[in-house]
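Open the model in your viewer and get ready to select side chains. This tour goes from one stop to the next.

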Amino acid sequence: MAAPVPILSVIIVAYRSRDELPACLASLPRLLLGRPVEICVVNNSPGDGVAGWINSAFPEVRVLETGANQGFGRANNAGFRATAGECVLFLNPDTISNVAALEHCVHRVLTEPDLGLVSPRLVQADGAMDLACRRGIPTLWDGFCRASGLAAAFPRAAWLNGYNLTHLPTEGTYEVGAINGAFMLGRRAMFEQVGLFDETFFMYGDDLDLCIRFAQAGYRIVYDGQVQIIHLKGVSVAKDFDRMSTAIFDANRDVYLKHFGRNAFARAKWRLMFGLWKSAALFRARIRGHRRVRPV
């Protein structure tokens, strides 16, 4: 008798993630809604001992060794091709999940045909919401409001918060423009139709690109704050702040050039917008002494 098809494949891309993986893997169920769950860790930092440790501590977890750091999208795509679950969850190693959230999200994507991708509320270690788990696709105005500090100063004003959507209820559920690559769950058949991560994006921007492509294909991107998981979001040290922030802004600029740079004027507009947004964000961070790398 053939083994049942897993209801969920959880794909985790690890890069120097030995400290985060124990809590992440321990939080994942091996059965969900009466069907098996398969877990695949794609290790982007070979030689760090993670594969051997997982084989000993979590022998049911499959490990793929890439041989080199292939980037976020390419590693996730390799995990997708190596698994077979009806639903697929791309999950960061610095997360702590729970059965209730996973069951809720899987049930939604299996029962709502037009639901493309779903994310629960992501809560950081200090209890604050990870704002990147529900985002709009920013306009020029949204970029100005974010960079100038207007959005942060008036978080309940809808007309100032088209990007982080802080005027909407955190415990509600609604369609959004994009969710965070730390938790992206959808049906395998949808990924096969729309496509996987664009491997030209090495680390940042690929989640935004995937959300845009799902929406263009007619599927909803949904935030569901009725359930939550923990996201132990990384905090950059001071010497890495400028480098990482620059990489985030530049990658998202390239997403806009890909999807919205239809002519020379549009491409120039988006290059200018992201350049100004990046400069303003870095300036404000230095003035305030912030060291947390915030996504676009």
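Start with Arg188 and Phe80. Arg188 lies over the face of the Phe80 ring, 4.4 Å from the ring centre. Keep in mind that this is a predicted model.

Next, select Arg134 and Tyr223. Here the charged end of Arg134 sits over the Tyr223 ring. The distance to the ring centre is 5.7 Å.

Now turn to ring pairs. The structure holds 17 aromatic pairs. Select Trp53 and Phe58. Why is this pair edge-to-face? The ring centres of Trp53 and Phe58 are 5.7 Å apart and the planes stand at 70 degrees, so the pair counts as edge-to-face, for which the planes must be over 60 degrees apart. Both Trp53 and Phe58 are buried.

Move on to Tyr256 and Trp270. This aromatic pair is also edge-to-face, with 4.7 Å centre to centre and 65 degrees between the planes. Tyr256 belongs to helix 9 (residues 238–260) and Trp270 to helix 10 (residues 264–288), so the pair ties together parts that are 14 residues apart in sequence. Are Tyr256 and Trp270 buried or exposed? Both are buried.

Finish on the surface. Select Trp141, Phe144 and Trp159. They form a nonpolar patch there, with about 390 Å² of accessible area together. Zoom in on Trp159, in the loop between helix 6 (150–153) and strand 8 (173–175). Trp159 counts as exposed because its relative accessibility is 60%, and the cut-off is over 50%.

Note on methods
Residues are numbered from 1 along each chain as its sequence is written. This is a predicted model: local features need pLDDT of at least 70, side-chain atom pairs count only at pLDDT 80 or more; totals for chains, interfaces and linings use all residues. Side-chain values use heavy atoms; hydrogens and water are left out. Patches are made of residues with over 30% relative accessible area and no salt bridge: like charges are joined within 9 Å, nonpolar side chains (Val, Leu, Ile, Met, Phe, Trp, Tyr) within 5 Å. Accessible areas come from the Shrake-Rupley method with a 1.4 Å probe; for residues, only the protein chains shown count as cover. A salt bridge is a side-chain nitrogen of Lys or Arg within 4 Å of a carboxyl oxygen of Asp or Glu. Helices (H or I, at least four residues) and strands (E, at least two) are DSSP runs, numbered from the N terminus. Buried means under 20% relative accessible area, exposed over 50%, partly exposed in between (1.4 Å probe, protein chains only). Rings of Phe, Tyr and Trp (its six-membered ring) pair if their centres lie within 6.5 Å; planes under 30 degrees apart count as stacked, over 60 as edge-to-face and the rest as tilted. A charge sits over a ring if NZ of Lys or CZ of Arg is within 6 Å of the ring centre and within 35 degrees of the ring normal.
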